[in-house]
Amino acid sequence: MIYRAKLSVRIVDLILFLFLGLLNVIQTQVAWSYELSGSSAIKIVYPKPGSVIDAPSSFIVGQVIPGTNLTCNGESVRVNKPGYFAHVVPLHYGANQFHLYSADNNINLDWTIARKTPPKPISPHELKIEDLKPNVDLGIKPGDIIYFSAHATPYALVSVQLGSHCLTLSSTKKTPPTTSVAYGKVVQRLEQNGADLYKGSYRVVEGDHFLSVHPEYKLVSRNGSLTIKCKATISTVERLSVARTIKAPTVVRLGPGLARTTPLADGVKVAIDGWLGDNMRCLYSPNLHVWIKKQDLILDSERELSRETSGASENNSDDTVPHAVAQTINIIDDSYGEKVCLPLDERLPYQIEQKLNPNCLIMRVYGVSADTDWITCEPKANGAKSVIDHVSCRQVEDNLYEVTVYLSDKRQWGYQVNYNGTTLCLDIKHPPKLFPDSMLSGIKICIDPGHGGSEIGATGCSGIPESQINFDIASKVKLYLEASGATVIMTRIAQNQNVSLDERVKIATDNGVDFLISIHNNALPDGRDPWKEHGTSSYWYHPQSIELASCLKESVKSASGFLDLGARYQNLALARATAMPSVLLEIGFMINPDEFAALIDSQSQSKIAEAIADGIRQYLYTKQ
Ligand SMILES: [Zn+2]
């Protein structure tokens, strides 16, 4: 997706556009317009005039009358047969003028876009210090490292006063500009002079006591000196506090704003030993911290306070580190699957790891000591095959208890983890029942047409939004799947419907579907070439979805004839569902003129939709 704007394509406009093109209407100056009008035969859908772009190049994407000879600043523009084009233009810093010209009907189109200029480095003649880090409040304990940095007058002496400690920062050269890219996502760093950047760090030691201390930066240069206090405060954490999650699921990360790990149920107790702004650091085990947003937690001290103020008399303080002893593991059958239940005294944090070879699920529970002497398993009725082969458990280290569930099949069909009271349950899905006719009777599939409503996604060469094409293809997939006997659940049933990402996953999970397939079409960020980078890709997050992602990508790629961009790992909300294999499919590129032409063609949409249904069937009926 490249930008979001409300676009609409009306059949009336399209007919008018073609009609006017046939009449060869002469137009000398055309204003920017989202919609085709009588005065325009060159339509630009990206970039918007006046855009500020933070990349060394962009691409002009749009549509002309088929057969038009188009130039941009005198350079020939590649226009495909239906009249779609994408033209890469280099950008210099500041304003860039472009002049498009169609010789066939003597139409000119002028507009300007800008490239973002890098921030000016501080001059040695100024007396300046700015961008002080840390810029959010810190809660730290002995052993933690505090990182300081600031931009300041080059060739000066910059130091930080933290309590009684004075730390001298060193001038650092910045890392060279790098570009790391995933489709639709780009990280670009501008080239900068490094002489004005100062860095340093301090390791907190036993005996340090900071109570909301503002570190003070001091700059001494030939031009004079300057002292400025950080807005952020630093405090040492003197004791662990205990908090509970108040949201289900609660997002848990391995660092503030960094990778996610298993989300938690509500009411789970965690020990807090630090913070960075509104991110609270939770101690899972001696060697593992995770981070949870402050607003997703309630501190037990706050709970106590509210209990006292509400008049409740009992003060049975919970402010001790959460801990429980694991004694038994019970395996119970339910309608979804086979449930591995671990009774505990309180809700403790956990992580789930899925492995395929050997095929197992590993459940790590923190704050638990092992005393397991009994693993019970209900016998299956009629000697039916069990999903679970066997279960083992071990104490990995202090406060870390691990349960490994080995599975009978080579595949996994989904899992859910939750607390029932204070019993932690890992529910492992039964495989779907298959029939010898290779059809999809009894299979429940959730189809998610990506974006919708005000979320239009990427914009195609004609201006049509990705959300519309996703919806059109998804609606056809539904028909093919239903014709094969499957039950289909759609996450949205209209083009103008706004559905959040979490809601989409919930719809799939609540309906107990066997597969979740999210249908999207791709775009590139600025700085890339839509003629060179395009094709079909699919995305998985949990190992259980790798094979399905690969099957779908292969099937769609063969039907569309698009390039193969692979089945890839990516952290996407729709791929993060655990209750079933879930895959996000990027069929083609909205800004590649040839792929776009196929994506809006009803016949090729049907071919692609049929290929998605075939991909599911192939996956189900491939011998394991
Ligand atoms: Zn999309």
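In the predicted model, Ile42 has Val64 of β3 as its bridge partner. Strand β1 and strand β3 (residues 57-64) run antiparallel and are joined by 4 bridges. Both belong to an open sheet of 3 strands, ordered β1-β3-β6, with antiparallel pairing. The edges of the sheet are taken by β1 (42-46) and β6 (84-90); each has a single partner strand, so one side of each lacks a neighbour in the sheet. From one strand to the next, the twist averages 30°. Strands of a sheet pair through backbone hydrogen bonds, in either a parallel or an antiparallel arrangement.

The largest nonpolar core comprises 72 residues. Within this core, the residues with the most contacts are Leu100, Ile445, Ile447, Leu481, Phe515, Ile587 and Ile612. Helix α7 (residues 602-621) gives the most to the core, contributing 8 residues. At least three residues of the core come from each of domain 1 (2-23 + 436-621) and domain 2 (41-115). When residues up to four places away in sequence are not counted, Leu481 touches Leu440, Ile445, Ile447, Ala486, Val488, Ala613 and Ile616. In soluble globular proteins, nonpolar side chains tend to be buried together.

Cys282 counts as buried because its relative accessibility is 0%, under the 20% limit. Cys461 likewise has a relative accessible area of 0% and is buried. With a cut-off of 2.5 Å between cysteine sulfur atoms, the count of disulfides comes to 0.

Terms used: Residues numbered from 1 in each chain as written. Predicted model: local features only at pLDDT ≥ 70, side-chain atom pairs only at ≥ 80, totals over all residues. Heavy atoms only, no water. Buried < 20%, exposed > 50% of the residue type's maximum accessible area, 1.4 Å probe, protein only. Core = buried A, V, L, I, M, F, W, Y, C linked by side-chain atoms within 4.5 Å. Helix = DSSP H or I, 4+ residues; strand = E, 2+ residues; numbered from the N terminus. Domains from an automatic or database assignment. Contact = heavy atoms within 4.5 Å. Pairing = 2+ DSSP bridges. Axes fitted to C-alpha atoms, helices over the stretch in contact; angles between N-to-C directions.
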